[in-house]
Amino acid sequence: MLVPLRPGFAARLENIRAATATETDIATIKAALLDYPVLVLPGQELSADEHIAFGSHFGPLETNAIAGQGYSPGVRAEMLEISNVGDTNVDTEQVARRRQMDLGNRFWHTDGSYKSVPCHLSMLYGIKVAKKDGETQFADMRAGYDAIPDDIKAEIETMVAFHRGSQARVMIGFDKWLDSERAFIDAGAAYKLVRTLPETGRKTIFLSAHAAHIIGMPVPEGRVLLHELTEIATAPAHVYTHRWQIGDLVIYDNRCTMHRLRRYDVEREQRVLRRVATLDMANPSCDPAEIEHNLQGVSDDPTEH
Ligand SMILES: [Fe+2]
């Protein structure tokens, strides 16, 4: 049963057990995602392996260079664990570092937009959730695109943004990188700002806190434009705020949504989520030679610190 949470954008899909999902269940979810690019499947009980198996029904899975490393220890490469909690494998310093790194998630972003193949569907599962605050907000980038004034729409129609792995953390001044995160820091990709979703023909704007500049435009002008577009696209009228319950599995389509974490008391609350994501094979990064060219001359590269 599909219960709209925000009409035309977010819905709750009940009575599906992700751990034992049938082909019919998967087809139901895929169909629902066309109308509701944010879907909440409540009441799940998912082991890490079941979560990965469920995700793989929807396409090839993203792997993470930082999985199993300092950021997300003890999980398979197909999974990211977003946690503010220490365990036997994680010392206090590492927990503090992860908490700081996760501050980057407080900015509106799409998952994996700095990768040569970005994420399509992310599947975020709540294991421990904050009793107060710590919501995840989702913004509808189709409605966001529609809200952009026509003259700006014409201006951005063919623009390409350069995204890089470190950008959101550079923005907050994070610099406690590990050597093992080199691949993450160095990752960069280029994506058109405006896209048409093939299934519905609707236009959408592809933005992210990982977007560092607009290709062919001076960095300051490009960043200001990205900021302005983000402000328009994430107006409250386009936003669904998800208040987490333990066992929620939230599936979102990164092609036409952005999301961000809201603040919570990181000292008193425990918050553990696991994420699996499919790859958006139909929308790979633009020309690598162009990316290479644009990697040069960006002055706040964290590797220069
Ligand atoms: Fe995210």
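Me: What covers the buried residues of α2?

Reply: This is a predicted model, and the cover over the buried residues of α2 includes β5 and β15 (272–279).

Me: Which residues of helix α2 are buried?

Reply: Helix α2 spans residues 48–56, and its buried residues are H51, F54 and G55. They lie on the same side of α2, because they cover an arc of only 100° around the axis.

Me: Is G59 buried or partly exposed?

Reply: The way to read this is to count C-beta atoms around the residue: 20 or more other C-beta atoms within 10 Å make a residue buried, and 12 or fewer make it exposed. G59 has 15 C-beta neighbours inside 10 Å, so it counts as partly exposed.

Me: Which residues does G59 touch, leaving out those up to four places away in sequence?

Reply: G59 touches H120, T278, L279 and M281. For one of these, M281, the separation along the chain is 222 residues, while the C-alpha atoms of G59 and M281 are 8.9 Å apart.

Me: How should I read a sheet, and what is the strand order here?

Reply: Strands of a sheet pair through backbone hydrogen bonds, either parallel or antiparallel. In this model, seven strands form an open sheet with mixed pairing, in the order β1-β2-β3-β13-β5-β15-β4. Its edge strands, β1 (2–6) and β4 (80–83), each pair on one side only. From one strand to the next, the twist averages 25°.

Me: How do β3 and β13 run, and how many bridges join them?

Reply: Strand β3 (residues 38–41) and strand β13 (residues 249–253) run antiparallel, and four bridges join them. In one of the pairs, L39 has I251 of β13 as its bridge partner.

Me: Which residues have the most contacts inside the largest nonpolar core?

Reply: The general idea is that in soluble globular proteins, nonpolar side chains tend to be buried together. Here the largest nonpolar core has 61 residues, and those with the most contacts inside it are V38, L39, A161, I205 and I251. Strand β5 (residues 119–128) gives the largest share of this core, five residues.

Me: Which value of phi does N15 have, and where is N15 placed?

Reply: Phi of N15 is near 70°, a positive value in a residue other than glycine. N15 is in the loop between β2 (10–13) and α1 (23–35). N15 counts as exposed because 10 other C-beta atoms lie within 10 Å.

Me: What about phi of D133?

Reply: Phi of D133 is near 65°, a positive value in a residue other than glycine. D133 is placed in the loop between β5 and β6 (136–140). With 15 other C-beta atoms within 10 Å, D133 is partly exposed.

Definitions and conventions: Residues are numbered from 1 along each chain as its sequence is written. This is a predicted model: local features need pLDDT of at least 70, side-chain atom pairs count only at pLDDT 80 or more; totals for chains, interfaces and linings use all residues. Two strands pair if DSSP finds at least two bridges between them. Helices (H or I, at least four residues) and strands (E, at least two) are DSSP runs, numbered from the N terminus. Axes are lines fitted to C-alpha atoms, for helices over the stretch in contact, and angles run from 0 to 180 degrees between N-to-C directions. A nonpolar core is a set of buried Ala, Val, Leu, Ile, Met, Phe, Trp, Tyr and Cys residues joined through C-beta atoms within 7 Å. The arc is that of the directions from the helix axis to the C-beta atoms. Two residues are in contact if their C-beta atoms, placed from the backbone, lie within 7 Å.
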